[in-house]
Amino acid sequence: MAIFNLKKREIECKIVYYGPGRCGKTTNLESIFRTYQKQITGEMVSINTEGDRTLFFDFLPMGLGKIRGCEIRAQLYTVPGQVRYSSTRKLVLRGVDGIIFVADSFKVRREKNMLSLQDLQKNLKEYGINILKIPLVMQYNKRDLAEEGLPLMSLEMMERDLNRQLKVPSFSASAITGDGVGETLQGCMKLTLEFLQKQLKWAE
């Protein structure tokens, strides 16, 4: 849940990048760190071992400026995608305000995407959160690899697999080149701030 400091007129919200292992969650944060240096308010923290795979989480704080006199700050987190770190994923989700689900476009990763989305739904449910009611966007990552002739799923197939029921905004992206990374974050922040405005009503 976002922290609203009425005296300082500050809102701090938590955005979590979720998805299967090696889908590009950390690469998203690295791209944001490079691209939005002016908005970054601290160092990116990563805890990587085992061939640079995320074992706990990545963390990146950002300042997003003022909306109607209220300073907006966002804390960006990733979760470890590997199946065995389910309890860590659940822990990182605690207090989440908005979610970016990063799906891997590789054909061979189709089942991993769907299992990860089910895992997200299950972990949210254990916190009493309905996946249909929390700010959520989809990112279909690694689209740049189509140019190298690698077998990717079509965007239509990914929409059918992952977004047929959710019907949330979705973005085509390449975290490695930065294409679509900012748009994805902006889409999630827009939904999150609209959601928080209904709850906190700071802009009235």
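Biologist: Is Asn 113 buried or exposed in this model?
Modeller: Buried. This is a predicted model, and Asn 113 has a relative accessibility of 1%. Buried means under 20%, so Asn 113 counts as buried.

Biologist: Where is Asn 113 found?
Modeller: In helix 3.

Biologist: Which residues does Asn 113 touch, leaving out those up to four places away in sequence?
Modeller: Pro 20, Phe 101, Ala 103, Asp 104, Met 153, Met 158 and Leu 162.

Biologist: Staying with helix 3, at what angle do the axes of helix 2 and helix 3 cross?
Modeller: Roughly 55°. Helix 2 covers residues 86-93 and helix 3 covers residues 110-126. Their axes come within 10 Å.

Biologist: What do you call that arrangement of helix 2 and helix 3?
Modeller: Oblique. Angles from 65 to 115 degrees would count as roughly perpendicular, and those under 35 degrees as roughly parallel. The angle here is roughly 55°, so helix 2 and helix 3 are oblique to each other.

Biologist: Is the crossing of helix 2 and helix 3 left-handed or right-handed?
Modeller: Right-handed.

Biologist: Which residues meet there?
Modeller: From helix 2, Ser 86, Arg 89, Lys 90 and Leu 93. From helix 3, Asp 119, Leu 120, Asn 123, Leu 124 and Glu 126. By class, the contact has three nonpolar, two polar and four charged residues.

Biologist: New topic. How many residues of strand 5 are buried?
Modeller: Seven of the nine, in residues 70-78. Strand 5 is therefore largely enclosed by the rest of the structure.

Biologist: In what sense do strand 2 and strand 5 pair?
Modeller: Parallel, over eight bridges. Strand 2 covers residues 10-18. Lys 14 stands opposite Gln 75 in strand 5.

Methods. Residues numbered from 1 in each chain as written. Predicted model: local features only at pLDDT ≥ 70, side-chain atom pairs only at ≥ 80, totals over all residues. Heavy atoms only, no water. Axes fitted to C-alpha atoms, helices over the stretch in contact; angles between N-to-C directions. Helix = DSSP H or I, 4+ residues; strand = E, 2+ residues; numbered from the N terminus. Parallel < 35°, antiparallel > 145°, perpendicular 65-115°, else oblique. Left-handed = near helix turned anticlockwise from the far one by under 90°. Contact = heavy atoms within 4.5 Å. Nonpolar A, V, L, I, M, F, W, Y, C, P; charged D, E, K, R; others polar. Buried < 20%, exposed > 50% of the residue type's maximum accessible area, 1.4 Å probe, protein only. Pairing = 2+ DSSP bridges.
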